[in-house]
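Hi,

Here is the structure I said I would pass on.

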Amino acid sequence: MVKKYIAFALIIFVLTIFISKEIRITTIDDYAYVVAIGIDAGEENILKVSFQIASTSENSSDSGGADSAATSTVSTVEASSIDNALTLVNTYTSKELSLAHCKIIVISEEIANGGISDYLYTLINKMEISPKCNIIISKVDCDNFLKQASSNLEKNSTRYYEIIETTANYTGYTETITLSDFFSKMEDTFAQPYSILGSVNTDDKTNEDASTLSNSETEKNVKAGESNIKSKNKVEIAGIAVFNADTMVGELNAIETICHLILSNKLENCKITIPSPFDNSEKIDLSLTQKKNTKFDIKILNGSPYIKANVKVNARILTMNKDSDYLNSDNLKEIEEYTNSYLESQILNYFYKTSKEFNSDILGLGKYVVSDFTTWNDWVEFDWLNNYENSFFDVNVDTNVKSGYLLLET
Amino acid sequence: MEKFKNFVKQLFSYTSKKKYEFDLNESPLENNNEDNFQNGLPPLEDTSESIFNSLHVNLEYVKSKYNFLINSDIKIREFHLTARNKQYSAFLLYIDGLVDSNSINHFILDPLMLKNKANTFDNAEDVVSTAISNNISVKRIKKFDLTDYIYNTLIPQNDVKKVENFEDVFNDINTGSCALFIDTLNIAFLSEVKKYDKRGISASQNETVIRGSQESFIENLRTNTSLIRRLVNNENLVIESTSVGTITKTKCAICYINNLTNQDLVAEVKYRINNLSIDYLISSGQLEQLIIDNPTSSLPQLIATERPDKAAHYLLEGRVLVIVNGSPYTLIMPGTFFDFMSSTEDSNLNYKFSNLLKFIRLLGLIISLLLPGLYMAITNFHQELIPTELLFSIVASRNNVPFPILFELLLMELSLELVREAGIRVPFPLGQTISIIGGLILSDAAVSANIVSPILIIIVAITGLSSFALPDFSLSFHVRISRFIYIFLGYLGGFLGIAVGLFIHVAVLCNLQSFGISYLAPYVPVSRKRGNEYFIKPFWKKEKRIDALNTQRVRKEEDISIKWKQEF
Amino acid sequence: MNNKIGDFEAISLIVIVTVAHILSNLPQTLLHSTNSSTVLNIIYISLLILGIVYIICRIFKKFPNQDILDISEYVGGNALKITLGVAFILYFITIASFLLRNFSESLKIIYFPNTHFSAIILIFILVAVTLNKFGFKTIIKCNLIIIPLALISLLVIFFSTVDEFTIQRFFPILGFGFNETFVLGATNIFAFAGIVILYFIMPVLNDSNSYKKVSFISILISSLYLLLSVISLLLVIPMISSSESTLSVYLAAREVQFGDFVQRVDALFFLIWILSIFSYFSVILSYILYIFKKIFKTQHSKPLVYCFSAIIFTVCLIPKNIVQINTMSNILYKYLSLTLVFGISIFILILANFKKKKENSNG
């Protein structure tokens, strides 16, 4: 009996020594939560890191009419690395910064052009950062981007960040890319990484496209920051930034992103505009969904890949006027042919852009070729990623125009 | 120096503790040909014997059938019956507690034993016819039939019948009749003398059900045994009587079904109860603490119930029931963890409703045990687990609270315990006031005064509600104690601390044994022939008894128990 | 008191060893050696191990109710028995300490950056000591409860990451080459070092005829889970074969996401994994005590639990940095298992078989 008590006391004594010196128990009150990180190029080869810190005091239920602009603050600091920047910001915030709820990582175009693998490896090495946070390449300064990131539809920025990527589901102008996606594509031997393109839209436009509002081509050629929206929300996310290994080599605009989504079987719903077969001056809007997965047939001819793609989409007609007659199968067939040729030209344009201009296989077509090789060394010798620029393409689109929506014939 | 030596020796020497070992699974089953009966139930014993002529044989037969030597409420009254001035040996057989003693005394024993006009012989003969020839008269006398004589004249009872086989005798005895056996007669007289307490017995206050019976045990031992007798209704139910305590000599009854229960279990129960040297025993709770395997554990190891239907159900499953005079709570042994999670309602309702209720109880157990600990662990170590919006609202609501989370949580838990304890002792008119004070003032005002955060109130309230969902009183006590340990473990070690607590908790549960069966039977150790899973099957599919009990009769239903549905 | 255990308990004893090593770094070690042909390799070594286990069952059938120590006494007398026993004790001590050190370091990095790793190791050891004071039966029952949880967690990880699979990562089909996959890859059989428990389990089985069934089912379950964990890593994370990381299955668990609401559930998986490691460690410690009791014929083995836990604690503290931890838990473990569990033990079993045959034909 005595033995038990002595042993118990000894254990408590030893544990107290261990615990009191070693453990610092921190609770949720001791942390300030960073919701976004921005990485810019500072002067003289050092970084300019911005942290968007959520302030939670105005979120209480009592203050119903709180000003949403005050729900987060952006702190920018120049340092030689992300961790040094964290330490510097920690010196003047009262709470310790926690990256556990970081939603997006914004990297400026300048840094992306110089290679971002160092920063990514550092970020992946941190266990706090969720691999599901999104990567955005920004065409403007990151602190500007973060400061403008707010909406009058959501009260705090985290919700805004969570929702804004879902626009990809119904516009098709961008795609949701997470840190783990990007990182795994960077390490992959049969794909190249790509990222979301974002920017801030300034009101004073010197863009010549602003005058030709009605040109439908212009709308489809937009990338982030170039659209002619006038709104309180300034941040735009549209288009894709294309990388070769860890360096940014180009951008894709809206219609090219739609082609990318169709080819990678990630399209949920998008709208395209084709010239009307019945009247040259008119346009028809179609809502596209994917009918079947795109089939690829890739052969290696004389060391060069010959890539054939078979695309199948379903379309429904959005535009109606007083002469629309879509119960006639000939009319539907004509629309289908026009859509096929339109999509084929856009997809071919996309293919040659990624292959010849960028030499970046962001679709990951290498995975269809790798089954032809038996050992790893053979595959590495073939060097698919550099061979991609020698590729030839052939596209076949099969559209099935189903009908309009509520009106079938007027 | 010697003292120091002894101290060091005591500290570092090892003496193995003699562990009291009793395991039900060691004894082989006696009826191993149970498996041969694929479809049918094994037959019960044959009781269609006819009554013998000799009283002595009848007496011996009846004594063996009813286990007279060990059964304490089976009464046999031997006496001499007077009929026509002749004396015949006879005996009365009845069950104490089910019969009206006054009726027996006045209307059976009195006319039979005492000499009165009816049973004295007046020398009159029953002459049928007379023939006279040659001065010799030959009378034809009707033969004296003792049976008719007694039946017609000597038993002034309103409901008497004559039976010729023991099956009828036993059936009626079990329901409260009294049987009269007479030497030289191969029939018995059964008279209806039923009297037992009905509906004076009140409804159970602590174990309420909606569709079950509304009777509960009372303090009187004989009334309680009669309640059990009525429900079980079989002669193999044995109720042995012993006494505990040198001063009070409190009567205890040990009940079991003779050809069903494992005899080792019965012997163990009797051994433990008969080997207690205490001065007095007042309640069954004290007896429970004296006979369980592990009295230092806070887990309940015997089922305590005040419902006779629950007690009869467990008796018929092969367990042993102990009733203590003066206490309405009876003890059922052995008890497993999953028994404490089930209520009597489960077998009365459709199995789907019962399974839903069982699922909710399981959820209640997990929430009441782990929710505050998990909250501490997540807010201290694993903030990334909480969705961002929720995290911000928690932080915002805690902005003005000056205390750390641990202090807040302990404060609220302790005040909840205080309210609970006060609620038991408060006089009835003040009951409502206490709930208003507890609910409104404590929680609402505390939030407005920024002493605690609203999210914590919700957590503590949900925890308290879940602990009331547990059907067993003792188990909820155990959960209340463990909850505080989990709070500290979660605070100190996050999920590592919670895992330590969970693992040691599970180890304690696995280590516990209750009267020879594992506490987590039938899941651990795994047995193929289970009979008592947590999620119950429909009543018509519960075919086997629990395997760990090693009962003598394993099957309780045929494969197809609903015979009317079977096609011919 | 009968110490017999049933079939399910025996199976879970063998499976816990494989599960614990899967949770440590076993899939990554396999992927490093065979890259994209790991699935082929695992199927190949599963077939190999089934053959080996069949041989072991045949040999054990001739020695009912005896474990490998008794058989070694039969072959080489007391000396061989003691030598083999001491070898097994040292083996158990080393693998338990390395796994514990690896796991605690990872736990410290991920969740407890402010705690010294020795405090975490001490917690594991305290729990295992407490459980050993309860007794062998309790350890087996706890193990039986925890194994299904661990297996379900691995299944959940597999099914939640299914939509991120790129099937083409199975190619090139032969990985580094035929030689590396099948000839050198046969050394990957160390992944099934759980069969070391099979050598000791025969005397405590309820029904010795079910030894064959127990061994085959446990090997099948182990190989299934090895396959699942390797597939969910290989097809999701391409960098797994080019870089080293701590706790490979944890990386797969970080990818689990159910909609927008439930994210970062790796902490919940950790709760289950810590329970499995507790269970594994208790089992190993109890086997150390069992072997010691058997070879030195002591009456009580329970007080020795303090000594052995102190030894394990000190061995855990030996590695200085991650290089040494990695070397020990990946490379040293591999060669120790191959030598002792697959090399020496099977050699002794075959010797015993020959000796028995000779005796039977002579006598």
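Into which domains is chain A divided? There are two entries to remember: domain 1 covers 30-252 and domain 2 covers 254-410. Before you go further, please keep in mind that this is a predicted model.

Some background on chain A, then. You will find 14 helices and 13 strands in it. It has 410 residues, and 37% of them count as buried. If you take the contacts between residues at least 6 apart in sequence, 73% of those in chain A join residues at least 24 apart.

Where they meet, domain 1 of chain A puts in 25 residues and domain 2 of chain A puts in 28. On the domain 1 side, the elements giving two or more residues are helix H7 (167-171), helix H9 (216-220), strand S8 (235-244) and strand S9 (247-252) of chain A. S8(A) gives the most to that side, with 6 residues. By class, the domain 1 side that touches domain 2 splits into 12 nonpolar, 11 polar and 2 charged residues.

While you are at strand S8 of chain A, look at A:Val235, which sits in that strand. Is A:Val235 buried or exposed? It counts as buried because 23 other C-beta atoms lie within 10 Å, where 20 or more is the cut-off. Leaving aside neighbours within four places in sequence, its contacts are A:Phe145, A:Gln148, A:Ala149, A:Gly198 and A:Val200. For a sense of scale, A:Val235 and A:Leu301 are 66 residues apart in sequence, and their C-alpha atoms are 46 Å apart in space.

Now the contacts between chains. Between chains B and C, 26 residues of chain B touch 29 residues of chain C. Helix H16 (residues 473-511) of chain B supplies the largest share of the chain B side, 13 residues. That side of chain B has 18 nonpolar, 4 polar and 4 charged residues.

Between chains B and A, the contact takes 19 residues from chain B and 20 from chain A. Helix H1 (2-12), helix H11 (351-381) and helix H12 (388-397) of chain B are the elements that give two or more residues to the chain B side. Of these, H12(B) gives the most, with 9 residues. Here the chain B side divides into 8 nonpolar, 8 polar and 3 charged residues.

Last, a sheet in chain B. It is an open sheet of 5 strands in the order S8-S9-S11-S12-S10, with antiparallel pairing. Strand S8 (237-244) and strand S10 (303-305) of chain B are the edges, each pairing on one side only. On average, and with direction ignored, neighbouring strands of the sheet are turned by 25° against each other. S8(B) and strand S9 (residues 250-257) of chain B run antiparallel and are joined by 8 bridges; B:Leu237, for instance, has B:Ile257 in S9(B) as its bridge partner.

Two helices go with this sheet. Helix H6 (residues 221-232) of chain B packs on it, touching S8, S9, strand S11 (320-324) and strand S12 (330-333) of chain B, and its direction makes about 10° with that of S9(B). Helix H7 (residues 263-274) of chain B lies across S8, S9, S11 and S12 of chain B and runs at about 175° to S9(B).

Over to you!

Notes:
Residues numbered from 1 in each chain as written. Chains lettered and ligands numbered in written order. Predicted model: local features only at pLDDT ≥ 70, side-chain atom pairs only at ≥ 80, totals over all residues. Helix = DSSP H or I, 4+ residues; strand = E, 2+ residues; numbered from the N terminus. Buried ≥ 20, exposed ≤ 12 C-beta atoms within 10 Å, placed from the backbone. Contact = placed C-beta atoms within 7 Å. Nonpolar A, V, L, I, M, F, W, Y, C, P; charged D, E, K, R; others polar. Domains from an automatic or database assignment. Pairing = 2+ DSSP bridges. Axes fitted to C-alpha atoms, helices over the stretch in contact; angles between N-to-C directions.
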